[in-house]
Structure formats: C-alpha cells, structure tokens
Amino acid sequence: YKQLQSFPSDFLWGASTSAFQVEGGADVDGKGPSIQDAMGARHPDITDFSVASDHYHRYKEDVKLFAEMGLKAYRFSVAWSRVLPAGRGEVNEAGVEFYSNLIDELLKYNIEPVLTLYHFDLPQALEEEGGWNNRATIDAFVEFSQLVFERYGDRVKYFLTINEQNVMILHGNAVGTKSESKKQAYQQAHHMFLAQARTMKLCHDMLDTAKIGPAPNIISVYPESCNPEDVIAADNWMAIRCWLYLDMAYHGEYNSLVWNYLCDRGYQPDFEEGDAEILKEGAQPDFISINYYATMTVAAARNDGNDVTFREGDQQIMYGEEGVYRAAVNTNLSKTEYSWFIDPVGFRTTLRQVWDKYRLPIMISENGLGQKDELVDGQVDDQYRIDYLKLHIDQMQLAMADGVEIFSYCPWAALDLVSTHQGYGKRYGFIYIDREEFDLKELARIPKKSFYWYQDLIKGTTQV
Ligand code: BG6
C-alpha cells in the first residue's frame with residue numbers, strides 16, 4: 001500500500017450501519033415502534049424486516065469481527081424509540097443499556113464509537129402526532145439528544161445529528177418520511193434545522209470534548225452540456241439538493257439562492273419568533289460528515305410536464321423539478337447492478353468542493369456498493385466491492401493530497417443489513433449474513449473477501 005502512505009496514522013478507518021437496518025429486536029425489551037417498523041409492516045412483500053441482521057442479540061460477535069477487521073471506528077445510530085418508546089417522556093432503561101453495552105464493547109477493542117442520533121427512524125408515537133410537521137417534535141428530539149449525551153457522552157466523542165436530512169426532504173417516500181406537498185416538506189426541513197441547531201448547541205453546553213456535525217448526502221453535479229442553461233440548472237440543483245443543508249449547519253442561515261427559490265414557488269416555511277436566532281446560535285458543527293454514492297447530472301428544465309421523472313427504457317431513474325431542472329444521463333459512467341452510477345472521480349470533486357466552502361474536517365459516513373452477493377462453498381468473492389472501494393479510496397487520497405482535511409472513512413456497511421426499500425438481497429457489508437429475504441436461516445456471520453482486503457488495507461496504512 002505504498003501509494004496510500006499519506007493517510008495519517010490516527011486516521012479513523014471505519015464502517016457504518018443504522019439501527020433499524022441492522023438491529024432487529026424491533027419490539028423486544030420495551031422498544032417502541034418507529035416509522036420504519038410501520039413501513040416494514042406495510043411491505044411484508046419486500047422482505048422480513050423484523051429480525052434484520054439480529055445485531056441486537058449478536059452485537060458482541062459482530063464487534064469482535066469488527067476488531068478482527070481492524071476497524072478504528074464504528075458508526076451506528078441509536079433507535080430513538082428504543083430509548084424513548086413514546087418519543088419523549090418515560091425512558092426505557094433496557095434500551096439505554098443496549099447502547100451502553102455496545103459502546104463498552106467497542107471501546108474494549110479500541111474502536112471509536114461514532115453515534116448518529118437520528119437515522120430515518122422517527123418514533124411512531126411522534127409520527128401519529130404529525131411527525132416533523134409538528135413543532136413539538138423539535139422539543140422531543142432535543143430531549144432525546146439530551147438523554148443520549150447524558151448517558152453516553154462520557155464515552156462517545158463523535159456525534160452525527162441527522163442522517164441525510166436532504167434525502168428525507170427530497171425523496172421522503174424512499175426512506176419513510178412522508179409529506180403531502182413541497183411546502184409541507186420544507187416546513188419539516190425547517191423543524192429539523194431547528195432541532196439540529198439546538199442539539200449542536202446542547203452538545204457543546206453539556207460535553208467539553210465531544211464533537212458533533214451534520215451528515216447529509218452530498219454529491220457533486222454535472223451539467224449535461226456546456227449550454228449555459230444546463231450549467232445554471234446544475235448550479236441550482238447543487239444549491240437546492242446539497243448546499244442548503246450544509247449552509248444551514250455551518251452558517252445558521254438559509255442559502256439565499258434556495259430561499260428565493262422557495263419564496264418564488266410558495267414553498268417557504270413559516271418562521272416563528274426566535275427561529276432565526278436559534279438557527280444562528282446553533283450553527284456549531286465541529287466537522288462535516290457526508291454520505292457519497294455517486295454524482296448527479298442535470299439539464300435545463302423544459303417545462304413540458306416531463307421534467308420531474310426521467311425515464312431510461314422502462315426504468316424511472318431520477319427526479320427533476322418542473323421548471324427548475326431535469327435529470328440527465330451521464331454516459332461517461334458505468335452503473336451498478338441496481339443502476340446506481342459509479343463515479344470515484346466525482347467523489348474527489350465533491351470532497352474538494354465541501355472543503356473549499358467550509359474548511360471543516362470531513363468524515364465520510366457512507367460510501368459503498370449494493371449488490372446481490374452469492375455465498376458459494378461458504379465464501380463470498382465480492383471482488384466488485386473491493387474494486388469499487390479501492391477506486392473511491394484512491395480518489396479520497398488524491399483529495400487529501402489536494403489539501404482536503406479528511407479524518408475518517410466509514411463505508412456502508414460494516415455487515416449486511418436491510419436496504420432502505422429494496423430488501424435484504426441488496427447487500428453492502430464486509431460481513432455476509434446468511435439469510436434470505438424470507439428464510440432467516442441461522443443468520444451466520446461470514447467475512448467476505450472484502451473483509452480481508454479492508455483488514456489488509458487498514459493494517460498497511462496505519463503501521464507506517
Ligand atoms: C443511504 C442511507 O442513503 O444509503 C442508508 O443513509 C442506506 O440508510 C444507503 O441504506 C443505501 O441505500 P439503499 O436504498 O440501497 O439501502
């Protein structure tokens with residue numbers, strides 16, 4: 001790994017998961033239901049969501065494997081309704097203990113816990129009171145964060161606020177966050193911004209050494225051509241899809257371009273007195289975390305009724321917005337089995353852009369390849385995943401050579417888990433979990449070829 005020697009020896013090589021996708025134990029030991037449990041119940045045709053990877057019961061075995069892989073960090077999320085079954089009020093001590101034990105287990109092996117507060121799994125009790133449409137959800141989130149800081153703040157140094165707020169707002173249907181209109185979605189976004197701001201401030205008020213940051217999905221964009229109309233459409237897309245979320249976390253203000261777009265379309269959220277001050281005061285990120293899978297390409301809107309949905313053959317592949325921009329295909333890029341573009345160079349571009357704009361250290365909290373892996377003679381030869389990760393790590397290294405400060409890389413995922421809406425067969429892990437969509441088998445843990453590759457890479461880069 002000579003070419004990787006520029007990674008600092010304290011670089012946090014890690015891997016990621018999220019609670020509802022990996023834990024199972026959805027209704028055990030006092031856990032309350034989340035909107036993800038409700039979604040699983042509504043879609044029994046996709047997969048058996050209830051057990052996921054059974055990490056709730058097998059976390060010790062899993063953490064031991066993480067240690068064997070050489071992980072320096074593990075990014076996981078706390079299921080809000082496991083510790084506060086109704087979203088607020090009564091604390092479920094058994095749930096609190098689960099994460100406490102998980103954190104201790106990680107620390108036993110010197111693995112840095114990276115804790116995401118909220119990863120798509122709003123407590124169902126809050127959803128029934130209006131979810132993020134309801135301002136009261138902000139207070140509930142702050143109460144939940146306070147509990148997390150109180151119980152785990154002595155051992156956890158890195159906190160992420162909200163996973164992929166931008167995906168929840170723009171593609172809520174895919175990840176279980178519902179809204180009836182764009183106007184309503186942006187009101188939800190405003191409430192999440194307030195919740196995030198209060199939580200970042202609370203974290204620093206309560207904990208001296210903890211670091212906290214936002215975790216949106218950030219990807220750079222290409223105009224379909226050098227036609228200036230395509231170029232400005234791409235610029236608009238980037239502001240609406242990405243910069244809004246980081247600008248708010250960093251500056252505590254709406255990106256002005258996006259604010260004008262919101263007002264122009266009648267989507268602007270209602271502000272209450274004091275909101276502007278809360279947003280400003282809470283703009284305290286210590287770092288920026290991003291999830292990156294692939295870039296986007298857009299063209300100028302045609303305003304012909306077809307800007308929203310782009311189709312290639314029979315497949316609906318992306319979304320645009322009527323009169324603002326439309327999605328386009330980048331013929332320079334290859335695609336995964338699930339039609340996600342593969343763009344390692346775009347990863348470098350994205351990292352440089354984020355660094356240029358904010359000059360805060362960057363963590364990569366997700367990046368990875370979803371594929372239908374095959375278990376053959378007790379082994380999984382996922383060379384395609386190794387190829388994907390290697391290309392991205394090379395580009396990350398080049399970004400670091402460009403001067404971008406990156407301190408952690410946590411690909412998705414540490415082990416196989418349920419995908420957001422495409423079942424268990426779409427696998428991302430370094431560790432294969434032996435189950436099918438509906439046949440749960442023994443849920444045995446089997447390191448894939450990529451596990452050993454990542455183990456070598458971590459060893460090779462941290463012992464220089
Ligand atoms: C990210 C999410 O959007 O992408 C994860 O934070 C998710 O929760 C991952 O699993 C991969 O997406 P999918 O839809 O293939 O599960």
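The shell of residues around the ligand is made up of 10 polar, 3 charged and 2 nonpolar residues. This count comes from a predicted model. Of the 15 residues around the ligand, the ones that come nearest are Ser 18, Glu 164, Gly 370, Ser 419 and Thr 420.

The protein has a mean pLDDT of 95, and 96% of its residues reach 70 or more. Where pLDDT is low, predicted coordinates should not be read in detail. For the model, ipTM is 0.99 and pTM is 0.97.

Another part to look at is a sheet. It is open and is formed by 3 strands, in the order β6-β8-β11, with mixed pairing. Which strands stand at the edges? They are β6, residues 221-223, and β11, residues 325-327. Each of the two has a single partner strand, so one side of each lacks a neighbour in the sheet. If direction is ignored, neighbouring strands of this sheet are turned by 40° against each other on average.

Strands of a sheet pair through backbone hydrogen bonds, and the pairing is either parallel or antiparallel. Strand β8 covers residues 296-300, and its pairing with β11 is antiparallel, over 3 bridges.

Helix α11, residues 228-251, lies across β6, β8 and β11. Relative to β8, helix α11 runs at about 130°.

Key: Residues are numbered from 1 along each chain as its sequence is written. This is a predicted model: local features need pLDDT of at least 70, side-chain atom pairs count only at pLDDT 80 or more; totals for chains, interfaces and linings use all residues. Two strands pair if DSSP finds at least two bridges between them. Helices (H or I, at least four residues) and strands (E, at least two) are DSSP runs, numbered from the N terminus. Axes are lines fitted to C-alpha atoms, for helices over the stretch in contact, and angles run from 0 to 180 degrees between N-to-C directions. Two residues are in contact if their C-beta atoms, placed from the backbone, lie within 7 Å. A residue is near a molecule or strand if its C-beta atom, placed from the backbone, lies within 6 Å of it. Ala, Val, Leu, Ile, Met, Phe, Trp, Tyr, Cys and Pro count as nonpolar, Asp, Glu, Lys and Arg as charged, and the others, Gly among them, as polar. pLDDT is the predictor's confidence in each residue, from 0 to 100.
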